[in-house]
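Biologist: Can you put the model up and walk me through it? I will ask as we go.

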Amino acid sequence: MQGMVSDEFVERVRERSDIYSVVSHYVQLTQKSGRYWGCCPFHNEKTASFSVSPDKGLFYCFGCGAGGDVFKFLSLIENVSYFEAIKLQAQRLGIDLPTKNFSPEEERRRREEKILLKINELARDFYHDCLIKTARGEVGRKYLAARGITQETIETFKLGFAPDEWENIFNRFTRQDFTAQQLEAVGLIVKRKNISGYYDRFRARVMIPIADVFGRVVGFGGRVIDSADDTPKYLNTAETVLFNKRNLLFGLDKSNRAISAAGKVIVVEGYMDAISLFSAGVKNVVATLGTAFTAEHTKLILRYAKKIIFCYDSDEAGQRATYRALPIVQAAGAEVFVVKVPDGKDPDEFIRKHGKEAFENLVEHAATLIDYRMKYVLEHADLSTIRGKIQALQEILPAVIKIPDNITRNEYQKKIAAVLFLDEQLVADEWKKSLRTAQQNSIREAQKNSNIVKRTILSSDENIMIREACETVLRMMWYEDELVDFVLNLIPRENFSEVNREIIGWMENRMAQSLRFDETAAAMELSEAANAQLSRILMGGANDPRDKELSIFEDSLKVLRRVVMKKKYDKILSQAEKYIESDEETYAKMIQESLDLKYQMDKLKGNP
């Protein structure tokens, strides 16, 4: 177990935790057929597909595939780690956290991180009090009021003001027994270059605390009030052990619920854009922190919504940043849209001038990734030469070649040909070339990253039957661990899906260590996909009598054994064809072997 969370402690918290009571605080549930149902809090839906089984202590959404135990639910809904969810539930139940002996180095790191987080928390409170309670903060209050930032938003984000003093933070915090090295480590002070000593990094700025997904203050952004001189308008905390812009999205700790409810997120460039939108009532918004949009940002967002709407500044730098971000998000499988704010404005300016409804109208009519990419390429292409046109075509095609239906594809081919003044057949030929290249790249990537097992093409009914048989067998293996070796002797593991193989491998590892199977260990050690699959499997088990349960298990084994035999049968017939003319004896033996297999398959199926 990790940190201070022991097996005994987890079991104590689990025994006191009723999953129905926990979930019903967040989701309206209705009882039906021995379970409770409601609309999933993790994706946008109108028909209830979210199921809770109090008897099994599990939840599963048949819409988005989220599933797990009570701690997994809390980790997802509260956006905390699994371990933090256990601790959170313990605190709610009044159960004291256990202590653990750490190595001296671990203890030192934990202690130092707590001190650094504490410094940031105290700095946030100091800046906030300076803004709302002191005369020095008047200039900051006027600035925020002029930008339409409400008092409620100031409190929500704990906005503050850094006074125009060179050593205020330095003197204040060193008097509280924090060291200069600690203050420098969190980026609040900077070492002087030519003389000894330090000075405050943030001065005469509106201060914006930047939190991680857990709501912990890890850094600050400062917006200067008067930028008439060469002072940078925005200043962020430098990279520290707590602050890494590639892994942070401003406002996500405040907006994650709204993002999940809306099923979409609006991504803006700066924290003032995000704060202005939030203050105006557009809550499902996050901001990057003066850095390019990264794959890490995409992963953070996809926990809450699949639809990502970029709304960067409409100047050239903002649009270039948008264009660079699109392939990253598309590769992750998100639905991508782009809002270009009119009149050269940024989102903050637009919503202050035109209001929430006008901004939401822009979002409603956001351009698709394809249309935006086409427009951007055309605006930056040299269409006066055939070379420039072909280059523009090759930049557009990666975004459109995967369009599945013929009608839409043909329409885009015509549209692209028209805007580039190219022959439609030339566009169609280039389209086919790009599609072939993309398919070849996908095949190579798949072969490189996984051991592809060719599978016999089955009907949808057969696939469902096989999937259910696999899940029944895995469910029985979970409750009767002595069946693991028995099953694998009959059904080689390659006949299970990749995610089911992960579960089986985990079971074998637990058995090798003489450890029992339990949901907590699974949640901590399995991937997200495997843990959700396991929850679905365990949720699917009916409360049948023992004899009926064993009968279902035996029938499921027969289904899977037939699959194994069918693969071997097909392989023998394929190989036998090579000997039809060259080796009649070998051919006859192989045909007889295939007939024996066919007899066994029919016998398992119940045929005479």
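**Hairpin, sheet, cores and salt bridges**

Modeller: Start with the hairpin of β1 and β2: two residues lie between the strands, and Ser33 there has a positive phi near 55 degrees. Strands (E, at least two residues) and helices (H or I, at least four) are DSSP runs, numbered from the N terminus. This is a predicted model, where local features need pLDDT of at least 70 and side-chain atom pairs count only at pLDDT 80 or more, while totals for chains, interfaces and linings use all residues. Residues are numbered from 1 along each chain as its sequence is written, and side-chain values use heavy atoms, with hydrogens and water left out.

Biologist: How many bridges join β1 to β2?

Modeller: Three, between strand β1 (residues 30-32) and strand β2 (residues 35-38), which run antiparallel. Two strands pair if DSSP finds at least two bridges between them. Gln31 has Tyr36 in β2 as its bridge partner.

Biologist: And what does β2 do with β3, parallel or antiparallel?

Modeller: Antiparallel, over three bridges, with strand β3 covering residues 50-53. Opposite Gly38 stands Phe50 in β3, and Trp37 has Ser51 as its bridge partner in that strand.

Biologist: What is the strand order in the sheet?

Modeller: The sheet is open and has five strands, in the order β1-β2-β3-β4-β5, with antiparallel pairing. β1 and β5 (67-68) are at the edges with a single partner strand each, so one side of each has no neighbour in the sheet.

Biologist: Zoom out. How many helices and strands in the protein?

Modeller: 26 helices and 16 strands. Of the 608 residues, 44% are buried, meaning under 20% relative accessible area, with exposed over 50% and partly exposed in between (1.4 Å probe, protein chains only). The accessible surface is about 32,000 Å², and carbon and sulfur atoms hold 49% of that. Those areas come from the Shrake-Rupley method with a 1.4 Å probe, and for residues only the protein chains shown count as cover.

Biologist: What share of the contacts is between residues 24 or more positions apart?

Modeller: 64%, taken over contacts in the protein with a separation of 6 or more. Contact means heavy atoms within 4.5 Å.

Biologist: Which residues touch the most other members of the largest nonpolar core?

Modeller: Tyr127, Leu144, Leu159, Leu188, Phe250 and Phe359, in a core of 62 residues. Helix α5 (residues 104-133) gives the largest share of this core, eight residues. A nonpolar core here is a set of buried Ala, Val, Leu, Ile, Met, Phe, Trp, Tyr and Cys residues joined through side-chain atoms within 4.5 Å.

Biologist: What is Leu144 in contact with?

Modeller: Leaving aside neighbours within four places in sequence, Leu144 is in contact with Leu131, Ile149, Ile154, Leu159, Val206 and Met272. Another core, of 43 residues, lies apart from that one, and among its members are Leu252, Val265, Ala305 and Tyr372.

Biologist: Salt bridges next. What is the count?

Modeller: 26, where a salt bridge is a side-chain nitrogen of Lys or Arg within 4 Å of a carboxyl oxygen of Asp or Glu. One of them pairs Arg516 with Glu11, and their closest N and O atoms are 3.6 Å apart. Arg516 is in the loop between α22 (498-512) and α23 (519-525) and Glu11 is in helix α1 (residues 7-15), so the pair ties together parts 505 residues apart in sequence. Glu11 is partly exposed, at 22% relative accessible area.

Biologist: How far apart are Lys566 and Asp570 in helix α25?

Modeller: Four residues, which is about one helical turn. They form a salt bridge, with the closest N and O atoms 2.9 Å apart. Lys566 is partly exposed at 30% relative accessibility, and Asp570 is partly exposed at 26%. Elsewhere, salt bridges that share partners join Glu11, Arg14, Asp69 and Arg516 into one network.

Biologist: Last one, Ser556. Buried or exposed?

Modeller: Buried, because its relative accessibility is 7%. Ser556 sits in helix α25 (residues 546-576). A polar atom of the Ser556 side chain lies 2.9 Å from the backbone oxygen of Ile552. Leaving aside neighbours within four places in sequence, Ser556 is in contact with Ala469, Thr472 and Val473.

How values were computed. A polar contact is a pair of N or O atoms within 3.5 Å; within protein, one must be able to donate a hydrogen and the other to accept it, and residues adjacent in sequence count only if both atoms are side-chain atoms.
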